[in-house]
Amino acid sequence: MASTLQETTERAGSNRDLGLIDRKSMIHPFTPLRTFSDGETGGPVVVDRGSGAWIETADGRRLLDGFAGLYCVNIGYGRPEMAEAIAAQAGKLAYYHAYAGHTSEPAALLAERILEMAPANMRRVFFGLSGSDANDTQVKLVWFYNNILGRPTKKKIIARERGYHGATVMASSLTGMRFYHEGFDAPSGPVLHTTVPHHYWGAEPGMDEAGFVAKCVADLEALIAREGADTIAAFIGEPVLGTGGLIPPPAGYWPAIQAVLRRHDILLIADEVVCGFGRVGHNFGCDAYGIEPDLITVAKGLTSAYLPLSAAIVGERVWSVLEQSSDARGPFAHGYTYSAHPTCAAAGLANLDVIARENLIERVAEFAPQFQAAFQDAFAGHPHVGEVRGTGMLAAIEFVADRDSKRRFDLSEKIGARLSAAALEGGLITRSMPHGDILGFAPPLVIDTNDLDFMIEKTKSAIASVFPGV
């Protein structure tokens with residue numbers, strides 16, 4: 001007979017026993033399987049509770065979460081109004097499906113709320129549970145759209161190197177990170193990748209941002225010419241690259257890219273999973289950069305991760321085609337058991353209520369200059385810092401062995417991982433990002449000046465411990 005939670009906890013008896021139970025029963029994402037299961041790498045870290053921007057582990061350590069989980073707990077931890085909304089909906093109607101025209105009050109109201117916040121040309125919302133499945137949905141919509149229009153060869157999707165779009169088969173194929181592909185037979189499907197818009201590493205010597213944008217455009221044009229515009233259906237991109245290194249686009253990048261896409265009749269999917277719902281001081285990253293997408297993907301900040309929920313937001317251009325085809329093609333043959341899950345939707349509504357009531361998006365816009373300046377002032381002059389970058393409540397520090405030549409550290413030195421570990425030892429959670437020795441920061445949107453000062457202080461201490469005497 002399966003154990004109850006209370007029985008399991010009582011039997012575990014201690015954090016160490018709970019760790020043993022975990023290692024013998026769970027597979028953890030991005031964790032070395034054998035050494036973790038055998039206990040060689042230590043852990044797991046048992047996270048017990050949270051409040052505001054802080055979490056507490058089961059052994060009593062209090063940590064400032066400088067990455068908001070995985071840049072998702074926008075409103076902070078421990079919100080009683082979230083727990084109350086979730087409990088109330090679960091008590092009333094925990095679940096019913098959305099197939100064959102069924103709905104629930106929170107699902108319908110949340111869809112309406114999303115469209116009110118989204119760019120003006122958005123028309124409908126399809127709910128899933130993760131950014132990954134939402135991007136899978138976007139690809140299926142794009143393929144379906146072109147099938148309806150009688151364009152069976154217009155199916156390829158252009159993503160970008162270092163872009164992150166999820167971990168399902170299709171989403172990981174869109175993701176421009178090779179370690180997501182290795183061993184999993186990805187990329188799968190007609191996926192192409194073009195230049196990452198990172199001026200620091202991608203520009204030729206002496207090339208300014210305008211010249212680099214022209215290079216990105218030329219690379220995209222060359223890719224389209226090589227493949228044939230009649231074979232390319234869509235371009236997907238994050239307004240600000242997230243896991244690829246927290247990279248804001250160079251000035252003029254998005255208008256120039258959009259001009260190419262329009263000229264070749266290529267749909268634009270804006271992956272707003274990280275940027276959406278206030279992270280960059282706007283409702284969406286599209287608002288910050290003048291992006292006019294055909295489709296928008298959201299997740300993380302939609303519920304601040306209190307429950308899993310995602311959405312594929314469909315614009316007029318695509319919706320009008322889908323709608324007009326329904327008489328001939330019958331029901332829309334895509335969906336998940338948990339699409340428009342009522343309890344998750346109730347969490348989304350409560351989350352958006354908090355964001356609106358506390359003016360969190362406006363607060364980010366006001367606080368962001370102080371946030372960005374604190375990182376620039378503290379770290380830009382360090383001999384091993386190549387670049388400090390960010391926007392809104394996203395920041396990254398990229399470390400190099402030599403600033404003048406941009407020479408990287410040898411991978412064996414594991415500088416990024418050591419810096420992150422040192423920060424954690426001091427009580428700050430940050431993230432060692434892939435594609436370089438990069439510390440990333442994306443705290444809950446509710447942090448205050450004292451929290452920011454703590455982040456800066458502990459990051460300084462971590463850097464000093466890894467680079468003593470520098």
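Strand β11 (residues 385-391) and β12 run antiparallel and are joined by six bridges, where strands (E, at least two residues) and helices (H or I, at least four) are DSSP runs numbered from the N terminus, and two strands pair if DSSP finds at least two bridges between them. The model is predicted, so that local features need pLDDT of at least 70 and side-chain atom pairs count only at pLDDT 80 or more, while totals for chains, interfaces and linings use all residues. Residues are numbered from 1 along each chain as its sequence is written, and side-chain values use heavy atoms, with hydrogens and water left out.

Within this pair, Thr391 stands opposite Leu394 in β12, and in the hairpin, which has two residues between the strands, Gly392 takes a positive phi near 55 degrees. Strand β12 also pairs with strand β15 (residues 437-441) in the antiparallel sense, over five bridges, and here Ala396 is opposite Gly440. Because six of the six residues of β12 (residues 394-399) are buried, this strand is largely enclosed by the rest of the structure; buried means under 20% relative accessible area, exposed over 50% and partly exposed in between, with a 1.4 Å probe and protein chains only.
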